[in-house]
Amino acid sequence: MAIYHFSNQIISRKKQQNTIAAAAYRSGERLVDERTNESKFYKRQVEPITHILAPSHAPKWVYDRQQLWNEVEKVERQWNAQLAREMNVALPKELSHEEQEQLAIEFCYEVFVKDGMVADLAIHRDDEENPHFHIMLTIRPFNEEGTWGNKQVKIKEIINGKPQIKAIHTTDWNTKEKLVYWREQWAIYANRFLEKNGFPERITHLSNKDQGLETLPTIHEGVVARQLQNEGKESERIRINMERKEFNKIIIELAEVKKEKQVKERTEKFVRRFTPLEKKQLRESAKSLRLFVNYENINTRKSQLDKWQARLEFSQDSIDTFKKMNRIERETDMLNQAENILGNEANRFLEKYYPNFNIEDLSKEQKIEVVETTVTQNKRLSSHEIEKVILDLEKKQIEKDLSVLLNNRPRFVLSIRKEIQRAEKQFENLRLRNEVNFADGSTIKNASEKELSQMQLLLKQKENLNKSLSLLGLLYDHQLQAMYPNWDGRNYLSIEQKEFFVMAEEYYGKNITPEDFSNPPRKYSKDEQIEIIFTFYQISNGNIDSNKRNQTIDLLNKKYPDFQTDNQSYKQMFYYECMRYSDEMGQERMNQLQRAFDVQSVGKEEDSQLESSTTFDPKSNHHSGFFSYDGSDFFSILESAIREADRKWKEDELEQKNKNKRKRQKGMER
């Protein structure tokens, strides 16, 4: 199969290159460098086929290879001058030698020579499997009378009132656009010759990525690689090509299977039905909004507009602000209209494909998500699959809300509870200081407007934080449902207990099982624990500066890639694990552990007046310290939590059975 290879380089004095040596190597001729009086010759096993092609106005001496490149070396005087441009191009091995030569000459003449360049062409066939040609091209153009022209001209310009000199190239030969054009032209000329000689194969100048292909391009092997292979030696370039060809074979086979599947699916495809008016409105909306109209894009754009509007509300009134606000209003209307169309279409879709499903129980977002999933998977979803879609959507929304509410703060129950505690304390201090009694409305005037606003802000903050706790609880519920789908007792855990199960799963990389309570897992060995403790001890003790600190953390991350140095929850679990082996570690290491993880201050905020008990009561519904209890109790606390949750679940189940029994008895009495 014909391959495409077209490489380009500049031969320059800056890279200490010489056109005489380059031309001698490519042509196989002995050439003399007149500046140094050195003879350049490189013996080749197969004599190259060479041609010099030149425009009609070029001087006759350009057809003498030695004089041509010596004249180039003379006219270019600067130390960093560009001397020549060279192309290396693969010839289609499907063509005969004569056809290959004709193709190379026609391409060079039509594309380069007619544009004013002299082309020194050399066809190499040292390896019949890799026929190719080199073209050395002059960079400096010729004037009509046959003298060297200028590469660039300098003109004077007045910029900011000051005269400046600007250099302008006299040709476009150095532009990226021209190189792309040359590459494209080679594909056109080669395909023309292939087609003319009865070969349907096509080559393209586009990369695999630009063609949308997943296959890997092969690389140019070269004569040296072929010689190594013929001598029974391994060539890295040939090995790479063999691996890529094998990979591409698999990709092509997979593509065929995928194609067959798509053909089959066309006959089974679920059709989304928009009315002609809805299609028109969606097209107009997509054009005006400059986005593909789907529910995700609509929500994203709405969020962007909300943020933009919030910024504008605090800016000074102006015509520009007024225009922007009008644009936001127009776009919001279009987005709402598009969202309503998607909602109406979702109703029609569900009525057709899910006639027995009670769609009234679903929100608009849930309906649209079910439709999107049905169309994407191209199958009618079961009741269980619909429940999963709704659950995933709810989880996604919870995570989104959490991100907004917590503003990327560490998402731990303790930190939120402490924030609530802080807000309550500050609110109460303000109330007492101003002798405000909300049962007596007349006392409100005791506080200034500023302090009343501050109190309202604290109440709002507390409300949002409580909402955050509720959202965290829902998030943990989803995680625990995925972790323990058959354990109903999970619903009777406190939010702190749920958090502990999630933390343990994140730390150990697996769900905690009953076997773990009798034989707790150990993630890090004694030596590993000692090294990690000492690293954090050095950092916390101030023994290293900030630069060294970052290097130390980087080294720790490289050695222990699983250790999440920025995750307080993970570090908390590590602390618990170390505490479980305190006897083995020794008192000195335990002191370093306490110091390294700052047990007394973790979880404290700026207001030191907050109560900071460092105890954990498994019987209570919350704990008040990050590293708040002996790690040896960690699994016993989880085991206790499971027993307590199961007890509550059984009590509720028994109570529900009794209620049902009493209802049946009442029914029988009637």
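Is N37 buried or exposed? N37 counts as exposed, at 65% relative accessibility, where exposed means over 50% relative accessible area, buried under 20% and partly exposed in between, with a 1.4 Å probe and protein chains only. The model is predicted, and local features need pLDDT of at least 70, side-chain atom pairs count only at pLDDT 80 or more, while totals for chains, interfaces and linings use all residues. Residues are numbered from 1 along each chain as its sequence is written, and side-chain values use heavy atoms, with hydrogens and water left out.

**The chain as a whole**

- The protein chain holds 21 helices and 9 strands, these being DSSP runs (helices H or I of at least four residues, strands E of at least two) numbered from the N terminus.
- Of its 670 residues, 39% count as buried, and the accessible surface comes to about 40,700 Å², with 48% belonging to carbon and sulfur atoms; such areas come from the Shrake-Rupley method with a 1.4 Å probe, and for residues only the protein chains shown count as cover.
- Among contacts (heavy atoms within 4.5 Å) between residues at least 6 apart in sequence, 66% join residues at least 24 apart.

**Strand β7 and its partners**

- In β7 (residues 132–138), 7 of the 7 residues are buried; H132, H134, M136 and T138 point one way, F133, I135 and L137 the other.
- Strand β5 (residues 82–90) runs antiparallel to β7 and is joined to it by 7 bridges, strands being paired if DSSP finds at least two bridges between them; here A84 has T138 as its bridge partner.
- Strand β6 (residues 119–124) is likewise antiparallel to β7, with 6 bridges, and H124 stands opposite H132.

**Helices α7 and α9**

- The axes of α7 (residues 276–289) and α9 (residues 319–353) come within 10 Å and cross at roughly 145°, the axes being lines fitted to C-alpha atoms over the stretch in contact and the angles running from 0 to 180 degrees between N-to-C directions.
- Residues making this contact include L282 and L289 of α7 together with L335 and I341 of α9.

- N37, which is not a glycine, has a positive phi of about 60° and is found in the loop between β2 (31–33) and β3 (38–40).
- E435 also has a positive phi, near 55°, in a residue other than glycine; E435 lies in the loop between α12 (413–433) and α13 (449–483) and, at 62% relative accessibility, counts as exposed.
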